[in-house]
Amino acid sequence: MTDSVFGLMDEWGPEKIVVVSDRKTGMRGVLVLDNTARGTGKGGTRMSPGLTVEEVSRLARTMTWKWAAVDLFHGGAKAGIQGDPNDPNKEAILRAFARALSNEVPSEYVFGLDMGLAEDDAAIFLDELGDRGASTGLPRALGGLPYDQLGVTGYGVAEAAEAAAHSRNIDLKGSRVSIQGFGAVGQAAAVRLVALGATVVAVSTAAGAVHDPNGLDIGKLVNLRAETGDACVHHYGSAVPADYALTVDADILIPAAREDTVNDVIAASTNVKLVIEGANLPTSPSSRRILHERGIAVVPDFIANAGGIVAAAHSMAARYSPFVVEPEDIFTMISTKLRANTTAVLDESGRAGLTPHEAAYALAQKRVLEAMRLRRQIPKTATDTIDVLV
Ligand SMILES: NC(=O)c1ccc[n+]([C@@H]2O[C@H](COP(=O)([O-])OP(=O)(O)OC[C@H]3O[C@@H](n4cnc5c(N)ncnc54)[C@H](O)[C@@H]3O)[C@@H](O)[C@H]2O)c1
């Protein structure tokens with residue numbers, strides 16, 4: 001056990017792993033602070049039956065790169081409870097977990113939402129530690145904001161699309177966009193893209209796709225989606241198979257459904273000029289390589305769908321304020337950050353001959369390394385030659 005925990009450590013982190021348990025409730029949990037060279041550890045808190053220390057460590061590492069890639073000053077961290085989120089004893093378990101981590105929260109880590117936890121659970125963390133700063137993701141009645149309802153992630157995906165188009169000398173106005181997936185991310189992206197002047201020519205859900213080369217009526221589709229769910233494409237009329245959205249004639253493809261949808265065959269045959277990753281991991285290293293070699297720019301998931309983490313950074317900053325964060329301020333910040341990062345990553349990709357994913361990781365690692373060097377955590381002479389992750 002001890003050896004396997006030490007085996008999780010490398011030159012980046014984790015700096016601290018706190019494993020806790022409580023006899024009374026049976027609570028078992030872990031907090032991993034991966035790398036806080038750039039700021040306080042921040043990453044969601046999850047609850048799942050099969051949770052492992054290794055899984056939480058991996059997620060904490062991902063947060064280290066995400067914060068740095070978006071150039072926000074937080075460090076990578078993640079926490080988790082091994083248990084069933086539907087346990088009738090959940091409140092007591094959450095309270096025991098918060099108490100056990102009262103040395104670390106909120107000075108070194110702040111709870112947040114991830115799989116298995118919802119707004120009401122964040123309220124319990126806050127109450128148990130008697131500190132408004134103990135958690136983000138709070139209900140509105142305690143000063144939080146419903147980010148999913150506001151569509152922050154999809155909004156950011158559309159902003160990233162415009163920045164990517166601009167960096168490739170494509171005018172988003174009049175560009176034809178196809179969107180795979182019409183959930184929280186796909187819908188908000190479609191609405192914002194139309195506002196930016198793009199023409200959404202195809203949209204799919206798991207139930208099928210709709211296509212109109214002259215542009216779909218997104219307002220109508222959003223209303224139908226609210227009433228009929230994934231079947232909205234059939235109610236809209238003339239639905240075709242779902243995969244159609246991946247192969248349709250368009251300028252920009254936005255996979256916003258799930259992982260591994262843009263495979264090598266799609267990558268080799270698509271005629272789009274840009275792929276903006278709304279979903280997490282919709283491409284693979286090999287499909288990305290094919291797209292890159294064909295001159296098709298891919299904006300990586302952790303750059304394009306980072307609207308949620310920009311919103312989380314706002315929540316972090318607002319924890320002790322009596323004022324509720326204005327949604328408009330969040331949207332402005334998402335737009336500024338995601339546009340700047342998209343441009344930086346595509347520029348670096350072009351300059352260094354790396355895929356945009358490789359360029360984004362390299363940029364993130366460079367930023368973390370620089371912070372570590374300035375804090376004298378590593379020799380001033382340490383080089384930037386670190387294996388690029390993909
Ligand atoms: N919600 C967020 O804030 C957020 C943030 C970052 C990343 N993401 C990622 O974005 C993706 C979508 O998240 P969401 O919150 O919009 O999910 P969601 O459940 O609200 O919507 C998913 C949509 O994809 C569709 N879909 C599923 N399989 C499909 C297929 N094979 N073909 C076409 N459509 C298909 C579903 O019908 C649905 O319309 C996921 O990868 C998620 O991890 C979401």
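Helix α7 (184-195) gives the most to the shell around the ligand, with three residues. This is a predicted model: local features need pLDDT of at least 70, side-chain atom pairs count only at pLDDT 80 or more, and totals for chains, interfaces and linings use all residues. Residues are numbered from 1 along each chain as its sequence is written. Helices (H or I, at least four residues) and strands (E, at least two) are DSSP runs, numbered from the N terminus.

**Ligand shell**

- Of the 22 residues around the ligand, T153, G181, G183, A257 and A279 come nearest. A residue is near a molecule or strand if its C-beta atom, placed from the backbone, lies within 6 Å of it.
- Both α7 and β8 supply at least two residues of this shell.
- The shell has eleven polar, eight nonpolar and three charged residues. Here Ala, Val, Leu, Ile, Met, Phe, Trp, Tyr, Cys and Pro count as nonpolar, Asp, Glu, Lys and Arg as charged, and the others, Gly among them, as polar.

**Domains and core**

- The domain assignment gives domain 1 (2-144) and domain 2 (150-304). Such bounds come from an automatic or database domain assignment.
- The centres of domain 1 and domain 2, taken over C-alpha atoms, are separated by 33 Å.
- The largest nonpolar core has 117 residues, and A161, V203 and I276 have the most contacts inside it. A nonpolar core is a set of buried Ala, Val, Leu, Ile, Met, Phe, Trp, Tyr and Cys residues joined through C-beta atoms within 7 Å.
- Helix α6 (residues 152-167) gives the most to this core, with nine residues.
- Domain 1 and domain 2 both give residues to the core, so it lies between them.
- Leaving aside neighbours within four places in sequence, I276 is in contact with V157, A160, A161, A164, I252, I254, V299 and A304. Contact requires C-beta atoms, placed from the backbone, to lie within 7 Å.

**Buried sites**

- G116 lies in the loop between β6 (109-110) and α4 (119-129). G116 counts as buried because it has 21 C-beta neighbours inside 10 Å. The cut-offs are 20 or more other C-beta atoms within 10 Å for buried, 12 or fewer for exposed, and partly exposed in between, with C-beta atoms placed from the backbone.
- Beyond neighbours within four places in sequence, G116 is in contact with R46, M47, S48 and P85. D84 is 32 residues from G116 along the chain, and their C-alpha atoms are separated by 8.0 Å.
- A360 is found in helix α16 (residues 356-374). A360 has 31 C-beta neighbours inside 10 Å, so it counts as buried.
- Beyond neighbours within four places in sequence, A360 is in contact with A69, P300, F302, I303 and V345. The C-alpha atoms of A360 and F302, 58 residues apart along the chain, are separated by 8.7 Å.
- In α4, D121, A122, I124, F125 and L126 are buried. Helix α3 (90-100) is included in what covers them.
- G130 follows α4 and has a positive phi, near 60 degrees.

**Strand pairs**

- Strands β1 (residues 16-21) and β2 (residues 28-35) pair in the antiparallel sense over six bridges. Two strands pair if DSSP finds at least two bridges between them.
- V18 has L31 in β2 as its bridge partner. The hairpin of β1 and β2 has six residues between the strands, and G26 there takes a positive phi near 80 degrees.
- Strands β8 (residues 199-205) and β9 (residues 208-211) run antiparallel and are joined by four bridges. Their hairpin runs through two residues. S204 stands opposite A209 in β9.

**Backbone points to check in the viewer**

- G13 and P14 are joined by a cis peptide bond, with omega about -5 degrees. P14 is in the loop between α1 (2-6) and β1.
- The bond from V105 to P106 is also cis, with omega near 5 degrees. P106 is in the loop between α3 and β6.
- D260 is a residue other than glycine with a positive phi, near 55 degrees. D260 sits in the loop between β10 (252-255) and α11 (264-269). D260 is exposed, with 12 other C-beta atoms within 10 Å.
- L281, not a glycine, has a positive phi of about 55 degrees. L281 lies in the loop between β11 (274-276) and α12 (285-293). L281 is partly exposed because 15 other C-beta atoms lie within 10 Å.

Key
Contact = placed C-beta atoms within 7 Å.
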